[in-house]
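Good morning, everyone, and thank you for making time for this.

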Amino acid sequence: MSIHILPPEIASQIAAGEVIERPASVVKELIENALDAGAKSITIRIEGAGKNLIEVYDNGCGISGEELSLAVERHATSKLNSAADLFQIGTLGFRGEALASIGSVSRFSITSRTQQTGTGYRLQVEAGLASAVQPVGAPPGTLVRVENLFFNVPARLKFLKQDTTERRQIDSLVTRYALAYPLVKFQLRQENRLSLQTSGNGNRREILGVLYGAEIARQMLEVIASDGEIHITGFISPTSVSRSNRREITFFVNGRPVQDPTLISALLKGYHTLLMVGRYPIGVLFLEMPAEMVDVNVHPTKAEVRFRQSDQVFLGLQNAIRKALLAYNPVANFTTSLPWQPQNSFPTSQEKPFFSWEKNLEREESFPIQDQPPGINPSSQPVLPESRVPLLRPVGQIASAYLAAEGPDGLYLIDQHAAHERILFERFMKQKDPTVPAQRLLEPSAVDLPPSQARVIAEQLPILEKLGFEVEIFGPHTFLIRAIPSLLADIKPEDALRVLVEDFEEDESPFQAEIEARIIARICKRAAIKAGMTISPEEQRRLVQDLEACQSPRTCPHGRPTMIHLSVDLLERQFGRKGPR
Ligand code: ADP
Ligand code: MG
């Protein structure tokens, strides 16, 4: 074949492919345009998971009739004049590519009216071919309709995920912009159902509530820090709230969402030793810095950035996180951080001296306790409270769920389920090489799983084998279980297998060891004695002894506390024998 220049339609489809990968990319570009136009309200309508219709209406500055046809041309932008401007970008867009790209892979129309004129104008583009501009009646602002996305690029259509996944991507994208721009009113309707609405009142915590529910929103810790010209704000989860993957970590740099592994690792460093291995915080963080400190022209979708002073950004972020965690959750021996009502020396009965303590328990707000991931050199860790527990003398069981034990300094209340989980987990981790004892089933048991879970199991077969499962692929979504870990011997084999996939779908951890640890933690949770089981004094003694022998006895593998310590000192204060220090 001879060398030739590609016809413009093909060239523009190739270019479009870089910017518009999926419906959510269209939504992203249109939201950014609306924000750049100064919109105070952005309304988004999605049908057919974005493949049938994406409509975005904003009340921003609008585009004049004369400029409308230029707006949809490639490399046409009002946001950049000279090459030098590239290093001073204050808008979200600057490449002049989005509208042209969207127009080349859909049936597209844009209707716009500037705030100054009485008429609106409309332009239609189909697969890159633009119609003439026509005057129409329209409210001020801009309405973009994108129909039949990728109708002329069937290969793209095929690569799209299930509708639910595409919809979820759009949901999470819009919510994140809503969080980043709390003064803008966002409304998102998917398939004619209201899926997000914000008030534009500037209250970010309110929007967090929409994202994660009121309870978590209330618990999220606020981050506010500055390091030179770098300002960091946002919210992070306390150590008691965590997720099994990093998907809930979002960064905005100068108002644009970015994916940056170094930012994520700085955040995780801030949590170092405060979260269990394989658990991740929720975080929504906004970094602001002078435009010239960050290069946003690295990637067509503008999702990656480069920092001029990356060390400063990294360290600043890590410190900000650590500071927020420590400020709200002092990493001190928690026996002294229990509240003493200092107002009057003796709390009245109404005030319930233990009230906030009980509330903490209910909310499972774990006190930050050091949890040492296996294999990490303790000397490299910041000084945190001693993680080992002293020798304990069990004194009895409470509510069939907790063990009371006496230690050299006061009373320990142990959650029997969490403690047993921890014990099993460490035993599992220790013995998994070479292999975990497995129990062969007398008859193999066949299990049908939904496709998404079947995929997860199929991918993890080698790990499962290491853990004592013997599982074979039997049909498209069917597996044959021949053996299970002996630890799970009294669970139905199919339940044992299901335990592994719950909450595991779409896990994206690239680290084998992490996946393994997570599977093991899940097995242990299932195998551990439950709350509500009465256990004999002998069993209590063994449980306490086994816990004492653990590497990280103070938390369960999911990071919740296994025990609460009421020191003699605390008891004395609570009984009014000693005043507050
Ligand atoms: P970019 O945003 O990179 O400049 P686009 O292709 O997204 O490129 O948009 C081209 C131009 O069209 C923008 O520079 C802007 O002037 C105008 N424009 C696009 N969308 C809007 C909108 N919603 N409101 C006002 N102007 C818009
Ligand atoms: Mg744009």
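I will talk about the ligand and its surroundings, and then about the salt bridges.

Please keep in mind throughout that what you see is a predicted model. Let me begin with ligand 1, which has 18 residues around it, the closest being Asp58, Thr77, Ser78, Lys79 and Gly96.

Which atoms of ligand 1 come close to polar side-chain atoms of the protein? On the side of Asp58, an N or O atom of the side chain is 2.8 Å from a nitrogen atom of the ligand. Thr77 places a polar side-chain atom 2.5 Å from an oxygen atom of ligand 1, and for Ser78 the distance from a side-chain N or O atom to a ligand oxygen is also 2.5 Å. Taken alone, ligand 1 would expose 530 Å², and the protein buries 92% of that area. The space that the ligand takes up is the second largest pocket.

Now to the salt bridges, of which the whole structure contains 24. One of them joins the side chains of Glu166 and Arg22, with 3.0 Å from N to O. This pair connects distant parts of the chain, as Glu166 belongs to helix α6, residues 163-180, while Arg22 sits in the loop between α1 and α2, 144 residues apart.

Notes:
Residues numbered from 1 in each chain as written. Chains lettered and ligands numbered in written order. Predicted model: local features only at pLDDT ≥ 70, side-chain atom pairs only at ≥ 80, totals over all residues. Heavy atoms only, no water. Near = heavy atom within 4 Å. Polar contact = N/O pair within 3.5 Å; in protein donor to acceptor, adjacent residues only side chain to side chain. Areas by Shrake-Rupley, 256 points an atom, 1.4 Å probe, with all protein chains shown as cover. 1 Å grid on protein atoms, 1.4 Å probe; cavity = no way out; pocket = protein on both sides within 12 Å on 5 of 7 lines; lining within 4 Å. Sits in = over half its atoms within 2 Å of the grid points. Salt bridge = Lys/Arg side-chain N within 4 Å of Asp/Glu carboxyl O. Helix = DSSP H or I, 4+ residues; strand = E, 2+ residues; numbered from the N terminus.
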